[in-house]
Amino acid sequence: MIKNKTRPPRLVAWELTNACNLACIHCRASAIKNPSPDELSTAEAKHFVDELVEYKPIIILTGGEPLLRSDVYDIARYATGKGMRVVLATNGTLLTPDIAGKLKAAGIQRVSISIDGSSAQTHDTFRGEPGAFDGALRGIDILKEAGISFQINTTITKRNLEQIPGIYDLALSLGASALHIFLLVPTGRGEEIESEEIPPEEYERVLNWFYDKSKDKRIQLKATCAPHYFRIMRQRAKAEGIRITKETHGLEAMTKGCLGGSAFCFVSSKGDVYPCGYLPALAGNIRQRPFKMIWEKSKVFNDLRDPGKLKGKCGNCEYRTVCGGCRARAYAATGDYLDEEPYCIYVPIKPHKRG
């Protein structure tokens, strides 16, 4: 078997709260209006930060809506003071000049704003709240005024597929530092709109379009929950006679498709640790075990670090170490996170021998 050495997590997405002021139709968290009483306390949150110091990952404070936690600034400031890069994921509608000032003072280095349509009608339908689009744009203006870098996150489904070029243009016009696209994974409320997942052929088309746009250096682009992109990137670069390096392909040359359990993990508001927010395969709880033990010893994480355990065509694919398939999508389709990616049309050319 091929086994990956246990490396430190590069990214930890931390759901500070499951509460949110919106009710997005594709919400991973199935967020609720009021905070749950069993969320990590401020003291528990700071203890978790202390556990992460050894690894120094980028911490993504997310939710729900993390701005609904009054101690978000204290947590961010504490982690920043420990030498970690802290960023924030928000829907943007609650941002005010005062809040932006507090975020900057707390050391937040970038804020992601979710934009799921190039028009208010599409975005507001996604977000379940009239005025959400205008609120997000207002939030972006506030961030710009405060001098905080921002990126736009977009979840792609059938209902906004044709608006993706428009969202790309919007991101450029707003001066976003990055545009991250997320391919819908049917978990949380997303299960209710599973029929809106774009078909595998459209995944290929969108990701090829994304590769073409990546040559425009005005904005950093990243495909998330779309590990096939790293196969497509190599196929296209090879056809163009281009060697993939950091100079030619940026950070995408230094990473791979599915990072769940190998370089990334998700921690819920209750302290549960998962490979990602879309894969409900529990690795442990930080209230019960040290994070170091969970990260290094849990079965699910060690399974995901071994591409030799992948099944079906993913296990036979020559791109398995750079793509890996979406483990969350495999789990949603089959109940087995090691099964083959159901939304990939690629057929391996040279099947790998197992052993």
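Start by selecting L221, which sits in strand β7; strands here are DSSP runs of E at least two residues long, helices are runs of H or I of at least four residues, and both are numbered from the N terminus. This is a predicted model, in which local features need pLDDT of at least 70 and side-chain atom pairs count only at pLDDT 80 or more, while totals for chains, interfaces and linings use all residues. Residues are numbered from 1 along each chain as its sequence is written, and side-chain values use heavy atoms, with hydrogens and water left out.

**Strand β7**

With L221 still selected, look at its surroundings. L221 counts as buried because its relative accessibility is 8%; buried means under 20% relative accessible area, exposed means over 50%, and partly exposed lies in between, using a 1.4 Å probe and protein chains only. Leaving out residues up to four places away in sequence, L221 touches Y168, L179, F210, K213, S214 and E252, where contact means heavy atoms within 4.5 Å.

Show H180, I181, F182 and L183 to see what T224 touches beyond residues up to four places away in sequence.

**Helices α7 and α8**

Select residues 200–213 for helix α7 and residues 228–239 for helix α8. The axes of these two helices come within 10 Å and cross at roughly 60°; axes are lines fitted to C-alpha atoms, for helices over the stretch in contact, and angles run from 0 to 180 degrees between N-to-C directions. That angle makes α7 oblique to α8, since angles under 35 degrees count as roughly parallel, over 145 as roughly antiparallel, 65 to 115 as roughly perpendicular and the rest as oblique. The crossing of α7 past α8 is right-handed, meaning that the near helix is turned clockwise from the far one by less than a right angle.

Which residues of α7 meet α8? Show Y203, E204, L207, N208, F210, Y211 and D212 on the α7 side, and H228, Y229, R231, I232, M233, R236 and A237 on the α8 side. Sorted by class, this contact has 8 nonpolar, 2 polar and 4 charged residues; Ala, Val, Leu, Ile, Met, Phe, Trp, Tyr, Cys and Pro count as nonpolar, Asp, Glu, Lys and Arg as charged, and the others, Gly among them, as polar.

**Helices α4 and α5**

Move to residues 120–127, helix α4, and residues 132–146, helix α5: they pack at an angle of about 100°, with their axes 7 Å apart. The two helices are therefore roughly perpendicular to each other. On α4 the contact is made by A120, H123, D124 and R127, and on α5 by A132, F133 and A136. By class, that gives 4 nonpolar, 1 polar and 2 charged residues.

Stay on α4 and colour its buried residues, which are T122, H123, D124, F126 and R127. They pack against β4 (108–114), α5 and β5 (149–156). Just after α4, click on G128, where phi is positive at about 70°.

**Salt bridges**

How many salt bridges does a search of the whole structure find? There are 22, each defined as a side-chain nitrogen of Lys or Arg within 4 Å of a carboxyl oxygen of Asp or Glu. Here are some to visit.

- Select R69 and E39, whose side chains meet at 3.9 Å, N to O. This pair links distant parts of the chain, 30 residues apart: R69 is in the loop between β2 (58–62) and α2 (72–81), and E39 is in the loop between β1 (11–15) and α1 (42–52). R69 is buried at 9%, and E39 is buried at 12%.
- Select D74 and R77, with closest N and O atoms 3.3 Å apart. Because they are 3 residues apart in helix α2, about one helical turn separates them.
- Select D303 and K309, which meet at 2.7 Å, N to O. D303 is buried at 3%, whereas K309 is partly exposed at 29%.

**Last stop: S268**

Finish at S268, in the loop between β8 (264–267) and β9 (272–274). Is S268 buried or exposed? With 8% relative accessibility, S268 counts as buried. Beyond its neighbours within four places in sequence, S268 is in contact with W14, E15, L40 and Y274.
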